[in-house]
Amino acid sequence: MKIYSPTGNIGEPQKSLASPASVLNGKAIGILDNTKPNANILLQRLALRLHERTGVNIGITETKNAALAAPDQVLGRLTKEVQIALTGSAD
Amino acid sequence: MNLDNLEIFDFPTDNPAELQSLFAEHGWGDGLPMIAPTPERVQKMLALSDGEDPDEIIATLPPRSGLATRRIIAINAVMAGCAPSQLPVLVTAIRALNAPEINLRGVNATTHSVAPLLIIHGNIIKEAGYNSGLGSFGPGNRANATTGRALRLILLHVAGATPGTGDASTQGSPAKYAYCVAENLDDSPWGGYASSEGVHDESAITIHCGEGPHNVHDMESSDPAKILDKVASAMCSWGQNNAPISQGEYFVALCPEHASVCASHGWTRNDVSSYLFNKATVNVGDAREAFELRAWAPWQHSLKDSDRISMTEKPENIKVFVTGGPGKHSSVIPSWGMTKSVTVPVMP
């Protein structure tokens with residue numbers, strides 16, 4: 001019995017993650033806080049640990065609404081100021 | 001753009017029970033039995049769309065970035081059990097879901113129980129057999145049930161809103177099976193809802209991404225204020241996303257008898273919204289106590305703890321329509337929050 005697949009085609013290729021930085025020392029790390037409860041604490045402490053262990057510099061912190069994509073201005077500031085960004089905390 | 005390069009499987013059986021197992025093995029479906037989408041059945045589903053390109057991209061649906069063409073929509077409509085007369089509604093609904101203000105990526109991916117509610121307006125209700133009267137939210141009517149179900153199948157199959165990978169909803173929702181209702185225009189004292197939103201076409205649909213209906217029971221009041229005070233109380237629970245997100249809309253589905261009481265006192269649809277805006281309020285200090293994170297309008301942050309704050313930031317966010325049959329039960333459908341409803345004409 002011949003039947004169609006109900007899933008259809010995909011419009012754009014899936015995004016892949018950037019390659020991890022092999023050396024953090026000398027780079028700047030930023031925070032994109034998605035404002036989920038305690039995300040700011042989690043991300044700031046993670047940044048601090050990375051600073052203590054690797055010498056990475058702690059750069060700017062930006063915030064975004066968890067339910068919406070980050071505005072272009074926010075992404076632009078992060079791109080300009082830091083080489084690595086920590087982001088994401090779920091419920 | 002021709003995209004008729006859809007995958008076709010050759011299943012070794014046409015036994016309905018065995019087909020269900022094969023569907024499940026492919027990860028298809030909502031858990032209920034489905035009709036096999038053979039090319040012949042899909043062609044029949046598309047028959048009333050003669051003249052429209054079956055492979056035109058109607059929408060690109062996140063998070064999977066799946067391309068929803070008329071043919072793909074028809075395939076899922078067959079699986080859900082739709083009749084061909086429902087296809088224009090479904091195509092319009094999928095087009096509407098692509099509107100940026102719907103924020104479909106968030107709607108599909110959130111831990112909240114949100115589901116797109118599809119509201120049908122105008123002539124298509126009778127033409128395609130939708131139920132706007134007794135039991136309009138279901139069950140028991142093929143058009144309501146299968147259109148709602150087909151929309152969900154498209155979200156599962158095409159958008160990739162699969163629980164666990166594309167849908168993080170903590171508890172899910174019965175509204176995620178089928179959530180489609182028709183407006184009872186015959187018993188609406190205020191004319192059609194779509195016209196009130198500036199859409200004057202013969203047939204239209206609205207998409208509102210929200211929770212399941214919250215019941216409002218008033219058997220005794222002949223005073224609109226007493227009925228609407230109960231509606232307001234249903235709008236004020238702290239558990240709704242509207243509580244911390246001030247841009248969130250409410251859909252108030254009044255039954256004909258409650259609507260009639262309001263209209264008989266000279267209240268318009270907008271009067272109902274204005275009254276509810278003023279009555280569905282909470283204490284600002286209590287709101288601050290309940291929610292550390294509040295997506296409020298800037299001016300709302302300046303309110304004092306002793307002030308009152310409405311559960312939504314403006315009366316226009318309270319949308320009123322009439323549905324259902326005899327009896328005195330209405331319902332409130334809160335929003336997911338970070339989404340806005342869309343009302344558009346039905347277009348094949």
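**Salt bridges and the chain contact**

Tutor: A:Lys2 counts as partly exposed, at 48% relative accessibility. Buried means under 20% relative accessible area, exposed over 50%, and partly exposed in between (1.4 Å probe, protein chains only). This is a predicted model, where local features need pLDDT of at least 70, side-chain atom pairs count only at pLDDT 80 or more, and totals for chains, interfaces and linings use all residues. Residues are numbered from 1 along each chain as its sequence is written, chains are lettered from A and ligands numbered from 1 in the order in which they are written, and side-chain values use heavy atoms, with hydrogens and water left out.

Student: What does the side chain of A:Lys2 meet in a salt bridge?

Tutor: The side chain of B:Asp10, at 3.3 Å from N to O. A salt bridge here is a side-chain nitrogen of Lys or Arg within 4 Å of a carboxyl oxygen of Asp or Glu. B:Asp10 is exposed, with a relative accessible area of 54%.

Student: How many salt bridges are there between chain A and chain B?

Tutor: One. Over all chains, the search finds 13.

Student: And polar contacts between the two chains, how many residue pairs?

Tutor: 13 residue pairs, both residues at pLDDT 80 or more. A polar contact is a pair of N or O atoms within 3.5 Å; within protein, one must be able to donate a hydrogen and the other to accept it, and residues adjacent in sequence count only if both atoms are side-chain atoms.

Student: How many residues does the contact take from each chain?

Tutor: Chain A gives 20 residues and chain B gives 37, with contact meaning heavy atoms within 4.5 Å. The area buried between the chains is about 2,500 Å², and carbon and sulfur atoms give 61% of that area. Buried area is the accessible area (1.4 Å probe) that two parts lose on being put together, summed over both.

Student: Which residues of chain A lose the most area to chain B?

Tutor: A:Met1, A:Ile3 and A:Tyr4, together 36% of what that side buries.

Student: Which strands do the bridges join?

Tutor: Three bridges join β1 of chain A (residues 2–4) to β1 of chain B (residues 8–10), and the two strands run antiparallel. A:Ile3 has B:Phe9 as its bridge partner there. Strands pair if DSSP finds at least two bridges between them. Helices (H or I, at least four residues) and strands (E, at least two) are DSSP runs, numbered from the N terminus.

Student: Back to salt bridges. Which side chain does B:Asp218 meet?

Tutor: That of B:Lys230, at 2.7 Å from N to O. The pair links distant parts of the chain, 12 residues apart: B:Asp218 is in the loop between β7 (214–217) and α9 (224–234), and B:Lys230 is in helix α9. B:Asp218 is buried at 2% relative accessible area, whereas B:Lys230 is partly exposed at 30%.

Student: B:Asp167 and B:Lys176, buried or exposed?

Tutor: Both are buried. Their side chains meet in a salt bridge at 3.0 Å, N to O.

Student: New topic. Why is helix α4 of chain B described as largely enclosed?

Tutor: Because 10 of the 11 residues of α4 (residues 87–97) are buried. Among them are B:Leu90, B:Thr92 and B:Leu97.

Student: Last one: what does B:Ser273 touch?

Tutor: B:Pro315, B:Ile318 and B:Val320, not counting residues up to four places away in sequence. A polar atom of the B:Ser273 side chain lies 2.7 Å from the backbone oxygen of B:Ile318. B:Ser273 is in helix α11 (residues 269–279) and counts as buried, at 5% relative accessibility.
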